[in-house]
Amino acid sequence: MFISLLCFLLLVYGFAKGAYTVLNPQKTKLIVSEKSQNENNDEGVHKTKKLKIVALGDSLTRGVGDDEGTGYVGRLKTLLQKDYKQSASISNLAVSGAKTSDLLNNLKKKNIQETIGTANIIVLSIGSNDLFPGANQLNQQFLKTYRPDEKTFSHNLQSIFKAIRQENPSAPIYAFGYYNPFHNVQGLDASSSFVYRWNNLLEISVLQIKNAYVIPTFDLFYNEEKKYLYTDHFHPNRGGYSEMADRLTRKIGSQLRGESSE
């Protein structure tokens with residue numbers, strides 16, 4: 001009888017303790033590292049005390065044509081601070097007139113490699129000078145026989161992205177697409193077919209690189225050349241760079257908010 005009573009009391013105690021645990025759950029003592037929490041969310045841009053942005057490429061990244069001297073790069077920094085409360089530092093390594101071959105050579109320099117390696121974000125514009133060399137000499141007759149070197153351009157693009165990834169495996173890369181500054185020039189509207197192809201080759205190259213994105217510009221300038229182009233009818237003006245910066249900032253901003261990176 002004593003043993004039966006003891007078993008009954010233990011059963012009641014176990015039931016009561018189990019019920020208390022269910023009704024009053026305790027915080028787990030298991031520590032989940034920040035790395036584990038973010039292991040499936042490693043792409044895109046994440047909030048940090050100060051973003052390090054490295055800009056590469058040609059005169060568009062230098063901001064040629066902007067009477068304020070700011071370009072899309074400077075405006076990106078301002079918009080990130082204004083709209084997303086995200087401070088950023090800029091290292092603008094672009095060279096006016098650069099072609100893809102020039103950027104490839106620059107990427108072999110130790111100081112540029114080290115700068116790229118510390119970046120949180122990499123932005124670039126390259127390829128317009130490959131497509132339209134000596135743009136001031138373009139005419140309708142020239143376009144009839146003109147065939148841009150797609151093979152070399154595509155190879156150089158892929159080599160550029162691979163070289164960047166070798167120095168920085170994780171920072172998102174934002175590459176600006178191409179617009180046609182000659183769309184509204186009589187006799188040169190056929191040049192749009194070359195720009196379409198250039199954009200396609202850029203997209204193909206970007207798709208082969210993880211965490212890389214194309215920022216389209218063709219639609220921004222289409223039929224808006226008078227509004228958004230500088231007096232040289234090739235580079236963007238203040239308004240054109242503002243449109244480019246807005247589109248780039250929205251893409252980066254959506255990732256800062258944790259939205260889809262697609």
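1. A residue is called buried if its relative accessible area is under 20%, exposed if over 50%, and partly exposed in between, using a 1.4 Å probe and protein chains only. Glutamate 150, with a relative accessible area of 28%, is therefore partly exposed. Of the 262 residues of the protein chain, 44% count as buried.

2. This is a predicted model, in which local features need pLDDT of at least 70 and side-chain atom pairs count only at pLDDT 80 or more, while totals for chains, interfaces and linings use all residues. Residues are numbered from 1 along each chain as its sequence is written, and side-chain values use heavy atoms, with hydrogens and water left out.

3. The protein chain has 13 helices and five strands. Helices (H or I, at least four residues) and strands (E, at least two) are DSSP runs, numbered from the N terminus. Contact means heavy atoms within 4.5 Å. Among contacts in the protein chain with a separation of 6 or more, 79% are between residues 24 or more positions apart.

4. Two packed helices are described by the angle between their axes and the distance between the axes. For helix α9 (residues 150-167) and helix α10 (residues 192-207), the axes come within 9 Å and cross at roughly 35°. Axes here are lines fitted to C-alpha atoms, for helices over the stretch in contact, and angles run from 0 to 180 degrees between N-to-C directions.

5. Which residues make the contact between α9 and α10? From α9 come Glu150, Phe153, Ser154, Leu157, Gln158 and Phe161, and from α10 come Arg197, Trp198, Leu201, Leu202, Ser205 and Val206. By type, the residues of this contact are seven nonpolar, three polar and two charged. In this scheme Ala, Val, Leu, Ile, Met, Phe, Trp, Tyr, Cys and Pro are nonpolar, Asp, Glu, Lys and Arg are charged, and the others, Gly among them, are polar.

6. A salt bridge is a side-chain nitrogen of Lys or Arg within 4 Å of a carboxyl oxygen of Asp or Glu. The structure holds six of these salt bridges. One of them joins glutamate 150 to arginine 197, with the closest N and O atoms 3.0 Å apart. Glutamate 150 lies in helix α9 and arginine 197 in helix α10, so this pair ties together parts that are 47 residues apart in sequence. Arginine 197 counts as partly exposed, at 33% relative accessibility.

7. Salt bridges that share partners also join Asp66, Asp67, Glu68, Arg75 and Arg238 into one network. Glutamate 68 is partly exposed, with a relative accessible area of 45%.

8. Rings of Phe, Tyr and Trp (its six-membered ring) pair if their centres lie within 6.5 Å; planes under 30 degrees apart count as stacked, over 60 as edge-to-face and the rest as tilted. The count comes to twelve aromatic pairs. In one of them, the rings of tyrosine 146 and phenylalanine 194 have centres 5.3 Å apart and planes at 75°, so the pair is edge-to-face. Tyrosine 146 is in the loop between α8 (140-145) and α9, and phenylalanine 194 is in helix α10, 48 residues apart. Tyrosine 146 is buried at 11%, and phenylalanine 194 is buried at 13%.

9. Another pair is stacked, because the rings of tyrosine 174 and tyrosine 213 have their centres 5.4 Å apart and their planes at 20°. Tyrosine 174 is in strand β4 (residues 173-176) and tyrosine 213 in strand β5 (residues 212-215), 39 residues apart. Tyrosine 174 counts as buried at 0% relative accessibility, and tyrosine 213 counts as buried at 10%. Elsewhere, ring pairs link Phe132, Phe182 and Phe234 into a cluster.

10. Lysine 108 is in the loop between α5 (100-106) and α6 (110-117). At 62% relative accessibility, lysine 108 counts as exposed. The C-alpha atoms of lysine 108 and alanine 163 are separated by 8.4 Å, although the two residues are 55 residues apart along the chain.
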